[in-house]
Amino acid sequence: MIEKPRVLIIIASQDIGGPGKGIFQFIENTPKGDFEYILCNFNFRNRTIGQFADEASKKKLNLILLKQRFTFDPLMLLQVRNIISENNINIIQTHGYKPGVIGFSMSKLYRIPWIGFAHGYIEISKKFRFYSRLDREILKYADRVVAVSDSMKRLLKEAGVKEDRISVIYNAIDEADAVPSTSAESVKDCYGIKNAHKVIGVVGRLSPEKGQIIFLKAFKKAVKMHPQAKALIVGDGPDRGMLEEYCKKNGIDDKVIFTGYQEEIANFYQVFDILALPSFTEGLPNAVLEAMLFGVPVIATSVGGVPEVINNSNGILVPPDNHELLADKMIMLLQDDELRKSVGLKGRDSLYPRFSPSYRARQILDIYKELLDRG
């Protein structure tokens, strides 16, 4: 194997979502000096630097921004071609359909091993369905595809990706992430939460596939039974206005708190009594792992890789788009302190070693070494 191989990691998202967190976590959990990493993120029309690029800069990682004028800008290929030539890249790793197109092109041009990650697919519109199909089509040509769950592996196989090229590597959660930067009392004071309140948290981008409207319908029913319940919705996105309007029209706006995007997410898990994940689609959600790390009981929809995490009473599963059953399960946990504690502890105890960052890093490094040894 090459003495110190160089890996080019390309991600399009400017936010620090699950894929972005996974990249930073992976680099932090790999032995220093074994590999060199160069990160590529996109700068669309010279806009302000995004959260991912900002965090990479803070961590002093080797980051290159690709200038992008429009969605499929062919000049990005030329930029990446120059990066590969100037840095003697040995492996290309991509996250998302747009980086996948680049990875496919460059792997064919330079005969460099290419690893494509499949995190999950959003199919709420024709545009997103097209991007999802494009990503699955492109991944057929990757030297290796990393799926975040067995359910994702099945989806990729159905799309025509060869099974022997797919590796299932779960997302991971670091115990260090359970260290808040402020006290629970400070968070409660900031949002007017009293000790008598029971807090149900919802964490994630506010967009249709995340199902926050289903949660609010369920919460409207649950709060009638438990007037001391509060909902803390952590995140931002295009649905925020619609969700806030729903709360006002249905008289629950004094019970629901929208925090917006929060960088220090650990601060919020310490005040949650329950985490609800009402998604219509998921890969393997970090929010579930994060809540479990804090011993917070999880009620989640049985979509994507969620049932691979929640089983054997370490959480509660409900079908997607069923606010009545979601409400019933929330009411059940709200009224039973011992049950909440039991489910939360079982969730925490079920995390390791399966969702260990060091274990995930070793699995990815094994793929690197295998592809490089293959020549």
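Let's start with helix α6, residues 150–158, which lies across β5 (114–118), β6 and β7 and runs at about 165° to β7. Helices (H or I, at least four residues) and strands (E, at least two) are DSSP runs numbered from the N terminus. Contact here means heavy atoms within 4.5 Å; axes are lines fitted to C-alpha atoms, for helices over the stretch in contact, and angles run from 0 to 180 degrees between N-to-C directions. This is a predicted model: local features need pLDDT of at least 70 and side-chain atom pairs count only at pLDDT 80 or more, while totals for chains, interfaces and linings use all residues. Residues are numbered from 1 along each chain as its sequence is written, and side-chain values use heavy atoms, leaving out hydrogens and water.

Strand β6 (residues 144–147) pairs with β7 in the parallel sense over three bridges, and two strands pair if DSSP finds at least two bridges between them. Within β7, Ser167 is the bridge partner of Val146.

Now look at the open sheet of seven strands, ordered β3-β2-β1-β4-β5-β6-β7 with parallel pairing. Because β3 (63–68) and β7 (166–168) at the edges each have a single partner strand, one side of each is left without a neighbour in the sheet. From one strand to the next, the twist averages 25°.

There is also an open sheet of six strands, with parallel pairing in the order β10-β9-β8-β11-β12-β13. Its edges are β10 (256–260) and β13 (316–318), each with a single partner strand, so one side of each lacks a neighbour in the sheet. Neighbouring strands here are turned by 20° against each other on average, direction ignored.

Inside this sheet, β8 (residues 198–203) and β9 (residues 229–234) pair in the parallel sense over six bridges, and Val199 stands opposite Lys230 in β9. Helix α8 (residues 212–225) lies across β8, β9, β10 and β11 (274–277), at about 170° to β9.
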